[in-house]
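Subject: Structure handover

Hello,

Here is the structure I promised to pass on. Please open it first, then read my notes below.

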Amino acid sequence: MQLAIWTYEGPPHIGAMRVATAMQGLHYVLHAPQGDTYADLLFTMIERRGARPPVTYTTFQARDLGGDTAELFKSAARDAFRRFQPQAMIVGASCTAELIQDDPGGLARALDLPIPVIPLELPSYQKKENWGAAETFYRLVRGLCAPPAPRPAGRAPSCNILGPTALGFRHRDDLREITGLLERMGIAVNVTAPLGATPADLTRLGEADFNVVLYPETAAPAAAWLARAHAQPATKTIPIGLNATREFIAEVAALAGIDPAPVLAAESSRSAWYSRSVDSNYLTGKRVFVFGDATHALAAARVATEELGFTLVGLGSYAREQARELRDAAKAHGIEATISEDYLAVEAAIQAAQPELILGTQMERHTAKRLGIPCAVISAPVHVQDYPARYSPQMGFEGANVLFDTWVHPLMMGLEEHLLGMFREDFEFQAEAAPSHLGATAAATPTLPATLTWTAEAERELGKIPFFVRGKARRNTERYATERSIGTITLEALYDAKAHFSR
Amino acid sequence: MSAAALARAPAPGCTDAPVLRERGQREVFCGLTGIIWLHRKIQDAFFLVVGSRTCAHLMQSAAGVMIFAEPRFATAIMEERDLAGMTDANEELDRVVAQLLARRPDIRLLFLVGSCPSEVIKLDLSRAAQRLNATHAPGVRVLNYSGSGIETTFTQGEDACLAALVPEMRADPAPGLLVVGALAEVVEDQMRRQFEALDIGPVAFLPPRRAADLPGIGRGTRFLLAQPFLAETARLLEDRGARRLAAPFPLGAEGTTAWLRAAAEAWGVPAARFREVTAAGEQRARTAIARHRALLAGRRISFFPDSQLEIPLARFLARELDMRPVEIGTPYLHRAHLAEELALLPAGAMLSEGRDVDCQLDRCRAARPDLVVCGLGLANPLEAEGFTTKWSIELVFTPIQGYDQAGDLAGLFARPLDRRTRLMV
């Protein structure tokens, strides 16, 4: 057993859901106990989707265990087909259903549905979310991809874009950015998958000349299979940061047999000039700790050092699969990589490294808050604020602009930093204070009108009101009392005022 | 439901109303989610879920941002080795508990919380708790209950947790009032003052704020349920000699008055005295509720099953705000505990127990209510279809009971409709 308060990844069936929800015309029948439907709200709330995920859960209960849970699964699959009419279906088990061993794959085959039904084997007690997404996508590609068709000579080079899913960190905008870049290079996008693809689209994957792998965490196994089965090479460079984007362009151009020079000459990012301008001088050598999934952590380490001039004092990931790559990258900076799924170990590494900036996940954001260190988010897991309304890719030239703004924003601005160093006794302007552009510190206690007093009991009651509305409650009550010439605010007056304003 | 019963003219109230019982896909939380509020309520308790990565993921998804405030809950994630019998699950559990207690020496009460995986493999957490008690006594008391989805729905997790506390209560035959169900502290204090003014007492609350303050129980105990989802807890309290005071639940002016009156009658408080003590609060509640009536009166409302609060809420909204319940879905309907509620509920609404989410969505689309009360997995999809929704989980996390929260409670339902009228995008 492993003691966990926070997990960087969910169980593997969440990864399968991310693939199913990303696609159209695919339905997922999941053998799972009542309660596992909590996963829906990752998509409806955190990603703010306006439709239910295409997932039917059997939601068995204890009383079903004595009976025929297999029959329950079969009727759920039958009903899902009838109601949703998908082009294809994936079936599998969650961690509890794995224990009762009903074999969803065999049961679904027995139904003899007139569509492809792809069984998923996702070992919940060994593997995790990203693995589940990658395995699901691989099984779908393998199960649906038609035999390679001959590619007619003389047409424009084309590629597939592989990897973006539902609930992916900035996948929506990365996709737009890279699709636009490929179009400007004169490369046609054959299929983008899983995000936005149908099972019918997956049958056409073999028609492209090569594959662009944006997120190895979800697409590497599928891309490796396509390389074997359809002789499609795949890109290795992840276009996060200015230099990586340029390398990506060169790599894609080589695969497509075109000249990258026109695009490289025409395109650039403001981030390069922003980083060279003199007000970025003070960023030089700022100590940064980087943690996240392997792809984003490696990319961030490179951008932080090469493109912003920071010093890397920590690098790590919760993805053990890419541990070696991370260790090599860390070694190049003379540090030891932190490979761990235990956020306390990550916190300890952060404290030991004493960075001035943390680039990490939602969890590091909170660690940073506790330690009083500026922080920006570069990788999943993330919360609702990192599925923004505005266009905010991480990849490509615009992505580099977003990275510059996002990472510099939490730092104290240069002049403020200087003045704090010079005048340490200023009563408002202390070193512990947050950067002044990030909002104020504790608000001062309001002074009471001279005619008013609070009874101790009423004051205590006021203290029970949540802090973010307490100030308003105090002000309303005092206004109410003053208007009625009540000198002493009692409990009664507090609640009379509450009823009076009542909003 | 017999044909004869269906043919009977509807009596006032819903006491004899037919209940639609459905089996199918249930879009609900499991009982583990109860930990999210219980761990804030009992300040020296820690909740250790024995489960899978799914359980840990659920807890952090549901607890949102709270997970970082060093919460008093965690998951002992079972791994392949535990299932393959390569490690002894009990030894592993002992190790994890020792690790936990070393990190959090302030813990006085430790709940081992069962989950679907631990229940399916029949990991005996009650014996584990006994064994751990021997090791960690007297500093820490170890109890267990199950919050698994296969056995519990959402708020039933609280029922299971409180039921585990009942055997721990010391025997005390002296008369006293026990209020059962986790309430916001501010609500608890308001109620305490009301009972004091009525000379009802001594009053104790279950769960207590600290493990050491667990009240006594015996033949003199009369208890009021503050929440409608406490079937098992009530049964165990009755087994120990306590008697339940039948009452509707303290939601709204009417509900709160009737709830307080049940205790007042048991304590023989004269009617005039009762009115004197409660009149001001009731009036405040009515004043605060009235502000929301214009927006809510005449509106049709449907409830998707979630917390068992649906029937008391529908009663409050129908009687005090003139809303029209279309369908009231509840995950479980406890006829005895809800008898007073059902009698007050206006006839005409359809009651449903259990669920088949797709069928219920079909009914909802056909009925087109003005407001749909539902969980977060359905709220945005329904909004995208043009429905106005009120997400139901908030009703468990917000102080809504008692006179001085009645206006806030009405406001929770008015806000989505108010927002609809403001937005011009």
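The notes below start with confidence, go on to the interface, and end with features inside each chain.

**Confidence**

Please keep in mind that this is a predicted model. Chain A has a mean pLDDT of 91. In that chain, 92% of the residues reach 70 or more. One stretch needs care. Over residues 440-445 of chain A, pLDDT stays under 50. The model has 2 contacts for this stretch beyond four places in sequence. Where pLDDT is low, the predicted coordinates should not be read in detail.

The size of an interface is often given as the accessible area lost when the parts come together. Here, the area buried between chain A and chain B is about 6300 Å². Carbon and sulfur atoms give 57% of that area. On the chain A side, 69 residues are in contact with chain B. On the chain B side, 77 residues are in contact with chain A.

What holds charged partners across this interface? The rule finds 9 salt bridges between chain A and chain B. Lys498(A) and Asp408(B) meet in a salt bridge through their side chains, at 2.7 Å from N to O. Helix 22 of chain A, residues 491-501, gives the most to the side that touches chain B, with 8 residues. That side of chain A divides into 30 nonpolar, 19 polar and 20 charged residues. Polar contacts also cross the interface: 32 residue pairs, both residues at pLDDT 80 or more.

**A sheet in chain B**

Strands of a sheet pair through backbone hydrogen bonds, either parallel or antiparallel. In chain B, 4 strands form an open sheet in the order 7-6-8-9, and the pairing is parallel. Strand 7 (203-206) and strand 9 (243-244) of chain B stand at the edges. Each has a single partner strand, so one side of each is left without a neighbour in the sheet. Strand 6 of chain B (residues 176-180) pairs with strand 7 of chain B over 4 bridges. There, Leu178(B) has Ala204(B) as its bridge partner.

**A salt bridge within chain A**

Over all chains, a search of the whole structure finds 57 salt bridges. One of them joins Glu356(A) and Lys286(A), with the closest N and O atoms 3.4 Å apart. Glu356(A) lies in the loop between helix 16 and strand 12 of chain A, and Lys286(A) in the loop between helix 13 and strand 9 of chain A, so the pair ties together parts that are 70 residues apart in sequence.

**Backbone points to check**

Most residues other than glycine have a negative phi, and most peptide bonds are trans.

- Ala193(A) and Pro194(A) are joined by a cis peptide bond, with omega about 0°. Pro194(A) is in the loop between strand 7 and helix 9 of chain A.
- Gly201(B) to Pro202(B) is also a cis peptide bond, with omega near -5°. Pro202(B) is in the loop between helix 9 and strand 7 of chain B.
- Leu167(A) is not a glycine, yet has a positive phi of about 65°. Leu167(A) is found in the loop between strand 6 and helix 8 of chain A.

Best wishes

Key:
Residues numbered from 1 in each chain as written. Chains lettered and ligands numbered in written order. Heavy atoms only, no water. Contact = heavy atoms within 4.5 Å. Buried area = accessible area lost by both parts, 1.4 Å probe. Salt bridge = Lys/Arg side-chain N within 4 Å of Asp/Glu carboxyl O. Polar contact = N/O pair within 3.5 Å; in protein donor to acceptor, adjacent residues only side chain to side chain. Helix = DSSP H or I, 4+ residues; strand = E, 2+ residues; numbered from the N terminus. Nonpolar A, V, L, I, M, F, W, Y, C, P; charged D, E, K, R; others polar. pLDDT = per-residue confidence, 0-100. Pairing = 2+ DSSP bridges.
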